[in-house]
Amino acid sequence: MADMKQNIMTAEGLKELQEQYDYLTSVRRNEVAKQIEVARGFGDLSENAEYDEAKKEQGKLEEEISRLQALLRSAVVEEVSTDKVSVGTTVKFTSDMLGECEYAIVGTEQTDPENGRISYESAIGAALVGRKKGETVEVEIPAGTMKMTILSIKPTQKKAD
């Protein structure tokens, strides 16, 4: 069996993934099964568009459930330390291209750059992970080489609902 890639994420990200999985398997799966049952009542299945659509929806749902299962199986939540940048920390840095920035370093599934959440696998995230306060690091981005100096590292605060 091939080695499974670890899916590093925050505890918050793992909780959100588990909640999504639980919803799809306990609520959504039942809803789709009821849609199929209702559509069967419309008659001949060979000419039943409602049945075809419900079966397509079921296929998409099962595909998403399988995807989430794989992510949950490979999920790894690392202990958060503010000694160095890691998943679950928020890092403030200054750069020669962007000025002063602050980003939470998160797992790939939680990425939302517009809201200050970048993946540890992104170019900037990967360059910052493992670095300490005061360190200067260079990273290749589409616009060229960006130089960043880490100003602070703190635990990431949970998102407000």
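Reply: Ala-104 touches Thr-89, Thr-90, Gly-116, Arg-117, Ile-118 and Thr-156, residues up to four places away in sequence being left out; contact here means heavy atoms within 4.5 Å. The model is a predicted one, in which local features need pLDDT of at least 70 and side-chain atom pairs count only at pLDDT 80 or more, whereas totals for chains, interfaces and linings use all residues. Residues are numbered from 1 along each chain as its sequence is written, and side-chain values use heavy atoms, with hydrogens and water left out.

Ala-104 belongs to strand S4, where helices (H or I, at least four residues) and strands (E, at least two) are DSSP runs numbered from the N terminus. With a relative accessible area of 5%, Ala-104 is buried; buried means under 20% relative accessible area, exposed over 50%, and partly exposed in between (1.4 Å probe, protein chains only). Among its contacts, Arg-117 is 13 residues away in sequence, and the two C-alpha atoms are 4.7 Å apart in space.

Side chains of opposite charge can pair when their charged atoms come close. Arg-117 forms a salt bridge with Glu-12, with 3.9 Å between the closest N and O atoms. This pair joins distant parts of the chain, since Glu-12 is in helix H1 (residues 11-40) and Arg-117 in strand S5, 105 residues apart. Both partners, Glu-12 and Arg-117, are buried. A salt bridge is counted when a side-chain nitrogen of Lys or Arg lies within 4 Å of a carboxyl oxygen of Asp or Glu.

Glu-102 and Lys-154 meet through their side chains in a salt bridge at 3.7 Å, N to O. Here, too, distant parts of the chain are linked: Glu-102 lies in strand S4 (residues 99-106) and Lys-154 in strand S7 (residues 144-155), 52 residues apart. Glu-102 counts as partly exposed because its relative accessibility is 37%, and Lys-154 is partly exposed because its relative accessible area is 37%. In the whole structure, a search finds 11 salt bridges. One of them joins Glu-135 to Arg-131, the closest N and O atoms being 3.3 Å apart. Glu-135, at 26% relative accessibility, is partly exposed, as is Arg-131 at 30%.

Glu-12 and Thr-156 also bring a pocket into the picture. Rolling a probe the size of a water molecule over the atoms shows where empty space is left. The second largest pocket has a volume of about 170 Å³. It is lined by 15 residues, of which Thr-10, Ala-11, Glu-12, Gly-88 and Thr-156 are the closest to its centre. The lining comprises 7 nonpolar, 4 polar and 4 charged residues. On a 1 Å grid over the protein atoms alone, a pocket is an open set of points where a 1.4 Å probe fits, with protein on both sides within 12 Å along at least five of seven lines, and lining residues have an atom within 4 Å of a point. Grid points are joined across faces, edges and corners, and the volume is the space filled by probe spheres set on the points. Ala, Val, Leu, Ile, Met, Phe, Trp, Tyr, Cys and Pro count as nonpolar, Asp, Glu, Lys and Arg as charged, and the others, Gly among them, as polar.

Strand S5 also contains Ser-119, the strand spanning residues 117-119. Ser-119 is buried because its relative accessible area is 6%. Its side chain reaches the backbone nitrogen of Glu-121 at 2.8 Å. Apart from neighbours within four places in sequence, Ser-119 is in contact with Val-106, Gly-107, Thr-108, Thr-111 and Gly-125.

Leu-61 lies in helix H2 and is buried at 5% relative accessibility. Neighbours within four places aside, Leu-61 is in contact with Leu-24, Arg-28, Arg-29 and Val-32. Arg-28 takes part with Glu-31 and Glu-57 in a network of salt bridges. Ala-54, in helix H2 (residues 49-73), is likewise buried, with a relative accessible area of 5%. Residues up to four places away not being counted, Ala-54 touches Val-32, Gln-35 and Ile-36.

Definitions and conventions:
A polar contact is a pair of N or O atoms within 3.5 Å; within protein, one must be able to donate a hydrogen and the other to accept it, and residues adjacent in sequence count only if both atoms are side-chain atoms.
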